[in-house]
Amino acid sequence: MILFSISCEFSCQNTITIIVSNPNGISTNIGTGIDIKTLRSLRVTTLKRKDTIDVSVNSFRKIYIRNEFSFETIVAQRGDTVITNISKDGLVFNFLNKKFKKYDTLNLSDFLNVRLKYEDSLIKSMDRDLLGNEGAFRRGQLIRNRKYELGDYLNSLSLKEEFNKKILDLLDQKFKKGLLSRANYEFHASEIKYKLFNDLISVYHLTNENLFKDEILIKFFKDDMVINDDFIGYGYINRFIQDIVLEGISLQSFPKIRYNYKTAFDVLPSFVSGNLLKYSQLLCLAEILKYEDINVFKAYSQRFVYLFGNENLGIISGSKIEYLKTFSGIKEYYKELYFNDLQGNHLSFTEILEKNMGKLIYIDFWASWCRPCRSLMPESKNLQNKFKNKNVSFIYLSIDKDMNEWEKAASDEGIWRNKNNYRAINYPNSNFYKELAISTIPRFILLDDGGEILLHNAPSPDSGLAELLIEKYLKRIKK
C-alpha cells in the first residue's frame, strides 16, 4: 500500500484532482468509498492516454486506483493534485505542489513496527484468543471450546485503549515534527478508532452484554464524530445499523446479505437524534430505494421530509423524485442512455420506452461473457412465453463492448428475433447506471406502463416471484 499526501498550497476547492498519464491505454479503475453526507462515491474507469478526474471531498479522501497489474491507495486532502503514471510496471505518483513527508508512505502496520511492534503483536495474539473469527458467529454465541469471563473482555478492551493512546501520541509527535502530513495523520487516527469500534461490536456479539452496546453509544454516537469522519463515516453508520440497531439479524444471507432497513428506519430514533439520525435514516432510505417497491420508498421518504425537510432527500434520489411525476421527467432522466439494435440503428432509451409505452416492462441486463446471465435465459424465455399475449414487454439490454460477441450470444440464446434486444453504447458512463448502481449482472428492473421504475432490483426470472409481481402489476394496469 502506498499512502501519499499533498498540501493545499494552490486552489483549495472542494475537490482533489487526479491527472492521469496512461500511454498504453490500460483500463484502470479509480474510486473512493461512500461519503456518508452525500451518499456518493467515485467509480470511474479510464482508458484514455491523458485524463483528468476530479474527486469531490469535504476535507480528506482515500482514493483507490486499480488495474490488472497494480492496486494502490492515496490519501489526499482538499485542493490536492495528484499526477498518476500508469504502466504495466505499476502505478507511479508524483505531486504537483509538494514532496511527501518521511512517514507518509507507511501504512499503519509499518508505522507500528517502527516503535510499537511488541505491543502490537501482543494485542493481535489477544484478539485471536478472545475474538477468534467473530464474523462466523452471531450475537450471544461464544467460540466453541473456549470459555472466558466478562472480566477478560473488559481487560482486553482497556489494554487496547491504552495501546491506542500510545499510537495516537506517536502519530501526534511525528505530525508536530513535520514528519507526517495532516491527511495521513487523520487517516491513521481514523483507522485506530474504527478498529476499536469493530472490536466493541465483536465483543457485544460474543457476550450478549448490553454494557458493550452502551459503551459503543457513549464512545461513538453521543456527538457527530462518526459522520464527520471523512474516511469511514459511512462504515460507522452502516455497521451501527446492521449490528446494533438490527442486532446482526439479516433478511437473507445468500447470495448477498440483506438487512431490513425499513425496520432500522423505524427504530433509529430510539438510538440517536439530530444529524446522526438524519444521516442514518438517509442511508436507510437509499437501501429502501434499491430493493423495495417505489411506493414503499415514497411512504418512508415522506416521514423523513416531515422531520428534516426536502433538501436532504435530494442527496439519495437526485432526479429520481422528479422523474416519478411526469413522463417528461422520465425522458430527462433517461436522455443519456443510448443503444444499438441488431441492424446497427442507434436509439435512446426514451425511444425504447415510447415503443413500449402502455405496457409493463421487465428489463434484463446481461452480457455474452456473463455465465449467470446466460444460465437464466431459458427461464427468462419461459417467463416471456407465460405473458406472450399480455400487456408486458421483455427488454434485453446487453453491456457487451464487442458487437460481434453480443450478436453471437443473442443468436445462441434464441433472443435474436426479439424486437427489444439492444446493446448499450455508453455503459457504464451514463448517470443512469451510476445512480442505480448497475455494476454487476445479471440485474433486472421492472417499470410500470408509464415508464416509472417500480423495482430497481426486480426478482430474477427463475425465482417464481417475478411471475407473481408481474401479474400483480398487470392488474393495476387493467384498473
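These notebook entries record what I looked up in a predicted model of one chain.

**Entry 1: the chain as a whole.** I began with the secondary structure and found 18 helices and 15 strands. I then looked up burial: of the 479 residues, 50% count as buried. The accessible surface comes to about 23600 Å², and carbon and sulfur atoms hold 48% of that surface. For contacts with a separation of 6 or more, I noted that 67% are between residues 24 or more positions apart.

**Entry 2: the seven-stranded sheet.** I traced an open sheet of mixed pairing, with the strand order β10-β9-β13-β12-β11-β14-β15. At its edges I found β10 (346–348) and β15 (453–455); each has a single partner strand, so one side of each lacks a neighbour in the sheet. From one strand to the next, the twist averages 35 degrees.

Entry 3: I examined β11 (residues 360–366) and β14 (residues 443–447), which run antiparallel and are joined by five bridges. For Asp-364, I recorded Phe-444 in β14 as the bridge partner.

**Entry 4: helices across the sheet strands.** I saw that helix α15 (residues 377–386) lies across β11 and β12 (392–398), at about 155 degrees to β12. Helix α16 (residues 403–412) lies across β9 (338–340), β11, β12 and β13 (421–424), and I noted its angle to β13 as about 155 degrees.

**Entry 5: a surface patch.** I located a nonpolar patch on the surface formed by Leu-150, Leu-154 and Leu-211, with about 210 Å² of accessible area together. Leu-150 belongs to helix α3 (residues 150–176).

Definitions and conventions
Residues numbered from 1 in each chain as written. Predicted model: local features only at pLDDT ≥ 70, side-chain atom pairs only at ≥ 80, totals over all residues. Heavy atoms only, no water. Patch = residues over 30% accessible without salt bridge, like charges linked within 9 Å, V, L, I, M, F, W, Y side chains within 5 Å. Areas by Shrake-Rupley, 256 points an atom, 1.4 Å probe, with all protein chains shown as cover. Salt bridge = Lys/Arg side-chain N within 4 Å of Asp/Glu carboxyl O. Helix = DSSP H or I, 4+ residues; strand = E, 2+ residues; numbered from the N terminus. Buried < 20%, exposed > 50% of the residue type's maximum accessible area, 1.4 Å probe, protein only. Contact = heavy atoms within 4.5 Å. Pairing = 2+ DSSP bridges. Axes fitted to C-alpha atoms, helices over the stretch in contact; angles between N-to-C directions.
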